[in-house]
Amino acid sequence: MAGGTARTNQNKDNKLNKDDNKSEAEQLAVDIRGMAGEIAVCKYYNKYPDLRIGPNKRGHDLTLGELRVDVKCTQYSTGYLCAGKNHIPQSGFIYLLAVEDDPEYRLAGWQWSETLIQSQNLGQFGYQHEQSQLRHMDELDEDFK
């Protein structure tokens, strides 16, 4: 909670409102969920989470070997993996979806950046894949678990 709150405050101080349609409480919940999802993925892979507060200029949350991972979180059990419209395809980069099932997180799957960031996947909230379109976690686990 402390990390998510610090992210919300830092974004507010820098006038980086992620979604102007969300109340402050809703944005706080998103930031807490995001931080918790990142920690859950790091715990799963036995990695130390990046707890720094500030702009993430690296563009990813953790690395698994040479693979850069951007963790995306949702509170919805059937929620989509979403990447912003400003994202670009990158080699060696994946998006991983963590689904909040309070107090636990389920790792729903992942997708290559080059596969997700394509015009046919562009929707209202950015580039989107349903959970059924994601690659199975076992594919990552073989190399990194």
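Guide: In the hairpin formed by E1 and E2, Thr63 stands opposite Arg68 in E2. Note that the model is predicted.

Visitor: What makes E1 and E2 a pair of strands?
Guide: A pair needs at least two bridges. E1 and E2 have three bridges in the antiparallel sense, so they count as paired under that cut-off.

Visitor: What lies between E1 and E2 in the hairpin?
Guide: Two residues lie between them, and Gly65 in the turn has a positive phi of about 65°.

Visitor: How do you know that E2 and E4 pair, and in which sense?
Guide: The cut-off is at least two bridges. Strand E2 (residues 67–74) and strand E4 (residues 93–101) share seven bridges, and the sense is parallel; therefore they meet the criterion for a pair. Asp70 has Tyr95 in E4 as its bridge partner, and Thr74 has Val99 in E4.

Visitor: Why is the pairing in the sheet called mixed?
Guide: The order of the open sheet is E1-E2-E4-E5. E1 and E2 are antiparallel, while E2 and E4 are parallel.

Visitor: What makes E1 and E5 the edge strands?
Guide: Strand E1 (62–64) and strand E5 (104–112) each pair on one side only. From one strand to the next, the twist averages 35°.

Visitor: Why is Thr74 called buried?
Guide: Buried means under 20% relative accessible area. The value for Thr74 is 9%, so Thr74 is buried. Thr74 is found in strand E2.

Visitor: Which residues is Thr74 in contact with, leaving aside its neighbours within four places in sequence?
Guide: They are Arg33, Gly79, Leu97, Ala98, Val99 and Glu100. Contact here requires heavy atoms within 4.5 Å. Val99 is also the bridge partner of Thr74 in E4, and Arg33 is one of the buried residues in H2.

Visitor: Why is E2 described as largely enclosed by the rest of the structure?
Guide: Because six of its eight residues are buried, E2 is described that way.

Visitor: How do you know that H2 has close to the expected span?
Guide: The expected span is 1.5 Å times one less than the number of residues. H2 has 21 residues, and the expected value is 30 Å. From its first C-alpha to its last, H2 reaches 30 Å, so the label holds by that definition. H2 is followed by Asn46, whose phi is positive, near 55°.

Visitor: Where do helices H2 and H4 lie relative to the strands?
Guide: Helix H2 (residues 24–44) lies across E1, E2, E4 and E5, running at about 135° to E2. Helix H4 (residues 137–144) also lies across E1, E2, E4 and E5, but its angle is given to E5, at about 90°.

Visitor: What are the figures for the chain as a whole?
Guide: The chain has four helices and seven strands, following the pattern α-α-β-β-β-β-β-α-β-β-α along the sequence. Buried residues make up 39% of its 145 residues. The chain exposes about 8,800 Å², and carbon and sulfur atoms supply 48% of that area.

Definitions and conventions: Residues numbered from 1 in each chain as written. Predicted model: local features only at pLDDT ≥ 70, side-chain atom pairs only at ≥ 80, totals over all residues. Heavy atoms only, no water. Axes fitted to C-alpha atoms, helices over the stretch in contact; angles between N-to-C directions. Buried < 20%, exposed > 50% of the residue type's maximum accessible area, 1.4 Å probe, protein only. Areas by Shrake-Rupley, 256 points an atom, 1.4 Å probe, with all protein chains shown as cover.
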